[in-house]
Amino acid sequence: MSIASDTITEKSGYKLHVVRTDKYKTNTLVLKMKAPLTKEDVTYRALLPYVLQSNTSKYPTTPELRSYLDDLYGAGFYVDVAKKGEYQIISFTIDIVNEKFLSDSTPLLEKAFGLLSEVIFNPKKNGEAFDSKTVSNEIRSLKQRIQSISDDKMRYSATRLVEEMCKNEPYALEASGNLQDLETITPESLFAYYKKMLSEDEIDLYVIGDIDGSEVEALADKYVSLQEREPVRLPRDTGKAVEKEKEIIENSDVKQGKLNIGYRTQVAYGDPDYYALQLFNGIFGGFSHSKLFINVREKASLAYYAASRLESHKGLLMVMAGIENANYKQALDIIHAQMKEMKQGNFSDEELAQTKAVVKNQLLETIDVSRGLVEILYHNVISGQDISLDEWFTKTERTTKEEIIAVGQKIQLDTIYFLTEAEVQG
Amino acid sequence: MEKIAFTQLKEELFHEKMDNGLEVYILPKSGFNKSFATFTTNYGSIDNHFKPLNETEFSKVPDGIAHFLEHKLFEKEDGDVFQQFSKQGASANAFTSFTRTAYLFSSTSDFERNLTTLIDFVQDPYFSEKTVEKEKGIIGQEINMYDDNSDWRLYFGTIANMYHQHPVKIDIAGTVESIAGITKDMLYECYNTFYHPSNMLLFVVGPVDVESTMKLIRDNQNDKEYNEQPAVERKFDEEPETVAKDKEVLRMNVQTPKVMLGIKAINVNQSGLQLLKRELATNIYLEMLFGKSSPLHEELYEEGLIDQSFSYDYTQEQGFGFALIGGDSAKPDELMESLFGILQKSKAGTGLNEESLQRTIKKKIGSFLRSLNSPEYIANQFTRYAFNDMNLFDVVSVLEKLTIEDIREVAKDLISDERMTVCQVLPK
């Protein structure tokens with residue numbers, strides 16, 4: 001078993017994380033930029049990485065930039081914007097073949113650093129503004145992407161639940177921004193935000209592969225230059241206590257009703273009872289041996305998917321199920337009953353052992369993929385913790401049934417959201 | 001046991017054919033935590049017309065039965081196999097495609113026990129009327145879930161436009177109506193016909209010991225009794241070369257329209273190297289025209305006809321082959337016209353030059369190597385290739401040999417007005 005860990009070096013303005021492993025045929029660079037999720041900035045941050053990845057000063061059109069990537073043996077280059085807790089995180093990823101698997105032995109890692117640096121620090125611009133054509137193309141593209149989220153009804157109902165449940169909290173904002181703000185963004189205002197982001201964001205660079213630590217550090221020094229900063233760290237906040245449970249039913253022409261339920265757990269990554277919460281979720285709805293799968297799907301035959309997951313930094317537990325419109329009440333009763341069983345400790349030692357084994361398996365599998373490994377390591381950056389994977393495994397293993405029941409007492413139902421075709425009888 | 005070495009890729013593959021006909025492959029991967037195994041039968045949604053085991057007449061089975069059988073195989077007299085796997089710290093799954101049904105697990109511990117569970121549950125069916133009825137509700141919800149998904153509707157809408165007869169046009173899960181007629185006897189009949197070891201392939205990848213794993217599989221198979229079984233006879237009706245319908249519009253609750261253009265391929269009864277070359281050459285052709293480094297892609301993007309969702313792909317197996325090109329578009333009709341124009345002009349070589357070919361080949365080699373980071377990709381693709389007499393590890397050498405003439409040939413063979421169709425999903 002190999003449990004990878006990262007060697008972290010403090011650099012001016014960012015942290016460099018190096019993970020050495022020889023299991024991949026590629027080397028991966030991931031640059032992460034983190035800032036609090038705010039109404040003012042959310043759409044800027046959603047748009048910016050797409051503008052940056054379109055072209056650069058050296059490669060002024062997308063075909064030129066992409067042709068260069070093709071020449072580097074089809075280097076993968078992706079951008080992503082995500083919400084983790086109440087932060088909005090922009091990621092740039094370059095995945096490039098390790099030349100030792102090619103007949104051609106041009107050193108590719110340096111080219112990857114050069115490209116990342118070009119994309120982030122040397123955009124195509126006109127004075128203090130981005131290229132206006134690029135910005136208008138990406139505004140249009142982002143608009144369609146935002147619309148397509150609501151075109152996907154499973155995603156739409158999950159999004160609506162969060163909007164309703166976390167009303168007036170930053171977490172209600174979507175990482176992909178919103179249409180109203182998008183209208184107001186100009187090449188100038190976006191450029192101004194870009195400069196702010198470069199000087200204020202908390203930045204982490206991960207380099208993973210069969211690489212040499214000192215070579216990576218030298219490359220980083222050559223290609224990444226940032227000024228010192230004091231990144232904004234939010235106080236730990238798992239949200240407010242539930243005052244009144246909400247039930248929201250909306251109509252849409254869906255063949256299948258989409259049921260989404262949100263609970264507050266008051267527990268986040270880094271808390272001592274986080275491990276117990278993870279196991280609670282696993283026994284309740286995280287897997288195909290869980291109570292939701294067995295009772296909603298296998299026994300009652302009501303759903304194809306019926307599962308739960310955690311938002312580890314905001315402390316939320318979310319249930320999702322696709323059901324016949326008419327089965328709303330029955331499905332809800334079964335889900336409530338399973339939650340009650342959990343809180344009363346009505347689960348066997350076998351279910352617990354099973355869940356520990358699959359949670360561990362899931363973590364080990366995730367770190368087999370370089371981008372998965374980065375996501376796991378990045379939990380520490382988001383939460384300001386320093387938890388090793390070993391610690392994660394050990395604490396999970398040691399968690400007792402009593403601790404799981406105890407964490408269950410903190411869990412409160414907050415909002416039920418149902419997207420359905422017909423009127424529902426209450 | 002034979003060993004096949006891929007020196008440049010630094011991989012070694014081990015192969016053995018069991019006495020009962022089962023093909024077994026093991027690819028050791030050190031450094032990984034995860035072991036992954038797939039147990040696949042050469043049987044998918046298109047195999048709905050065949051001679052059942054020991055019968056002399058062809059018969060037709062309900063749409064969606066291969067997928068239904070996949071669901072039901074997990075259930076045993078004493079409970080659910082998912083439970084068994086998770087007790088052993090593994091995560092199990094399965095999928096049904098047009099041509100295959102695959103059962104799989106991944107685990108980071110207890111590998112040999114999980115492998116035994118996989119082989120044994122697939123080789124020991126238990127179907128009862130009661131559990132078959134119960135499954136209809138679950139699969140009914142799976143079908144409804146896909147019905148609400150506009151991308152899925154677009155995909156199947158395009159395929160349905162292309163084919164008059166071929167069962168590839170039928171949704172893999174069938175319909176609520178078609179699965180209503182499925183009985184336990186039908187499931188046994190399909191099982192006995194298609195799940196003989198000689199119609200199956202087992203692929204193992206991960207940090208495993210090759211000798212002991214092969215021995216475990218060999219002993220497991222030798223302990224089970226199988227009679228020799230002839231190859232399954234499948235029947236496909238004559239399929240015209242032209243598309244069944246040149247356009248279809250679906251009205252759904254979406255804000256952004258979606259467009260998919262389908263091109264139906266001819267001469268699709270290929271296998272082996274011939275098929276591998278056709279598939280790779282056609283995908284290179286599409287990449288040269290529509291990839292992000294193509295000036296044509298740039299034009300479509302600048303004109304606002306496409307966005308990041310734009311994609312293209314060519315797939316071919318025994319008896320069917322098609323290219324699909326499309327995505328979200330605010331201007332669905334203009335996009336359709338532009339795509340038709342680009343494809344037509346490519347027949348005269350427009351967009352297909354040597355420089356872009358060499359670059360595209362490099363890109364494809366790189367992305368192939370990247371895929372080899374993924375045990376899932378290796379196991380699934382290797383199996384698909386093997387069922388079509390191709391070798392996954394030939395990809396790089398075939399790519400390296402492609403010439404611009406090969407690509408121009410693809411354009412001439414593939415593009416023809418009467419073999420193109422369009423499906424659109426438009427807002428209500």
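Visitor: How many nonpolar, polar and charged residues does the lining of the largest pocket have?

Guide: The lining of the largest pocket has 14 nonpolar, 12 polar and six charged residues. Keep in mind that this is a predicted model. The volume of the largest pocket is about 780 Å³.

Visitor: Which residues are the closest to the centre of the largest pocket?

Guide: Of the 32 lining residues, B:Asn42, B:Asn199, B:Arg234, B:Phe387 and B:Asn388 are the closest to the centre. By element, strand E3 (23-28), strand E11 (200-206) and helix H13 (375-387) of chain B each supply at least two lining residues. The largest share, three residues, comes from H13(B).

Visitor: How is chain A divided into domains?

Guide: Chain A has domain 1 (7-223) and domain 2 (246-420). Their C-alpha centres lie 30 Å apart. The contact takes 33 residues from domain 1 of chain A and 33 residues from domain 2 of chain A.

Visitor: Which residues touch the most other members of the largest nonpolar core?

Guide: The general idea is that nonpolar side chains tend to be buried together in soluble globular proteins. In this model the largest nonpolar core holds 128 residues, and A:Phe92, A:Phe113, B:Phe203, B:Tyr285, B:Phe290, B:Leu343 and B:Phe393 touch the most other members. Helix H9 (residues 272-290) of chain B gives the largest share of this core, 10 residues. Apart from this core lies another of 63 residues, including A:Tyr24, A:Tyr274, A:Ile404 and A:Leu413.

Visitor: What is B:Leu343 in contact with, leaving aside its neighbours within four places in sequence?

Guide: The contacts of B:Leu343 are B:Leu261, B:Ile263, B:Tyr285, B:Leu289, B:Phe290, B:Ile325, B:Ile415 and B:Met420.

Visitor: How many residues of helix H2 (residues 62-71) of chain A are buried?

Guide: For burial, the cut-off is under 20% relative accessible area. Seven of the 10 residues in H2(A) are buried, so the helix is mostly covered. The buried ones are A:Thr62, A:Pro63, A:Leu65, A:Arg66, A:Ser67, A:Leu69 and A:Asp70. The cover includes strand E4 (76-84) and helix H3 (108-121) of chain A, together with helix H10 (295-302) and helix H12 (354-371) of chain B. After H2(A) comes A:Tyr73, with a positive phi near 50°.

Visitor: Is B:Asp19 buried or exposed?

Guide: B:Asp19 is exposed, because its relative accessible area is 76%, and the cut-off for exposed is over 50%. B:Asp19 sits in the loop between strand E2 (11-17) and E3 of chain B. Its C-alpha atom is separated by 24 Å from that of B:Phe111, 92 residues apart along the chain.

Definitions and conventions
Residues numbered from 1 in each chain as written. Chains lettered and ligands numbered in written order. Predicted model: local features only at pLDDT ≥ 70, side-chain atom pairs only at ≥ 80, totals over all residues. Heavy atoms only, no water. Core = buried A, V, L, I, M, F, W, Y, C linked by side-chain atoms within 4.5 Å. Buried < 20%, exposed > 50% of the residue type's maximum accessible area, 1.4 Å probe, protein only. Helix = DSSP H or I, 4+ residues; strand = E, 2+ residues; numbered from the N terminus. Contact = heavy atoms within 4.5 Å. 1 Å grid on protein atoms, 1.4 Å probe; cavity = no way out; pocket = protein on both sides within 12 Å on 5 of 7 lines; lining within 4 Å. Points joined across faces, edges and corners; volume = space filled by probe spheres on them. Nonpolar A, V, L, I, M, F, W, Y, C, P; charged D, E, K, R; others polar. Domains from an automatic or database assignment.
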